[in-house]
Amino acid sequence: MTNKENLLEELKDLEETLELTGVFDDQAVVRKTFRVPVNEQTPVTFLINGVSFRVANISEGGMGFLAESGDVAEVGQSLEGLELHFGGRCLQAKGTVRHVTPLEDSGFLYGLSLDLSSEDDRTFMVDFVQRARERFFEQH
């Protein structure tokens, strides 16, 4: 098996087993896809009803964002008025809060599953995340 095949096999294992537990809920959240860390090579801006939040990671169907407080939303809450900006492209979405996890230093990591408003937006997201994954694994 080549290094790339080994890496893809490891990624598949990660996708099947990665778990996070929300602070307000004892149930584990099992992710179906590997989320790509967001950095300067993966620029994404995220707003909830016009309020901007820093994006930590993203996948085809979900994302993690950072907030200073744990009262932005509750686990299980549906959110509307979500916008994801990728340079000149803006996607409208709804989301469901899957976990709220306190961070060691300060702040909270929120995990959302996303429901994008159109098939074109879903196709764009799949392509964007795939390219971001390729960049991520080239660097690591």
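**View 1. Salt bridge between Asp 127 and Arg 131 in helix 2.** The side chains of Asp 127 and Arg 131 meet in a salt bridge with an N to O distance of 2.8 Å, a salt bridge being a side-chain nitrogen of Lys or Arg within 4 Å of a carboxyl oxygen of Asp or Glu. The two residues are four apart in helix 2 and are therefore separated by about one helical turn; helices (H or I, at least four residues) and strands (E, at least two) are DSSP runs, numbered from the N terminus. Asp 127 is partly exposed at 40% relative accessibility, and Arg 131 is partly exposed at 37%, where buried means under 20% relative accessible area, exposed over 50%, and partly exposed in between (1.4 Å probe, protein chains only). This is a predicted model, in which local features need pLDDT of at least 70 and side-chain atom pairs count only at pLDDT 80 or more, while totals for chains, interfaces and linings use all residues. Residues are numbered from 1 along each chain as its sequence is written, and side-chain values use heavy atoms, with hydrogens and water left out.

**View 2. Salt bridge between Glu 119 and Arg 122.** In helix 2, the side chains of Glu 119 and Arg 122 form a salt bridge of 3.3 Å, N to O, and the partners, three residues apart, are separated by about one helical turn. Glu 119 counts as exposed at 53% relative accessibility, whereas Arg 122 is partly exposed at 34%.

View 3. Arg 89 forms a salt bridge with Asp 121, with the closest N and O atoms 3.0 Å apart. Because Arg 89 lies in strand 8 (residues 89-102) and Asp 121 in helix 2 (residues 119-139), the pair ties together parts that are 32 residues apart in sequence. Asp 121 is buried, at 8% relative accessible area, while Arg 89 is partly exposed at 25%. The charged end of Arg 89 also sits over the ring of Phe 124, 4.5 Å from its centre (CZ of Arg or NZ of Lys within 6 Å of the ring centre and within 35 degrees of the ring normal).

**View 4. Stacked aromatic pair of Phe 65 and Tyr 110.** The rings of Phe 65 and Tyr 110 are stacked, 4.9 Å centre to centre with 10 degrees between the planes; rings of Phe, Tyr and Trp (its six-membered ring) pair if their centres lie within 6.5 Å, and planes under 30 degrees apart count as stacked, over 60 as edge-to-face and the rest as tilted. Both residues, Phe 65 and Tyr 110, are buried.
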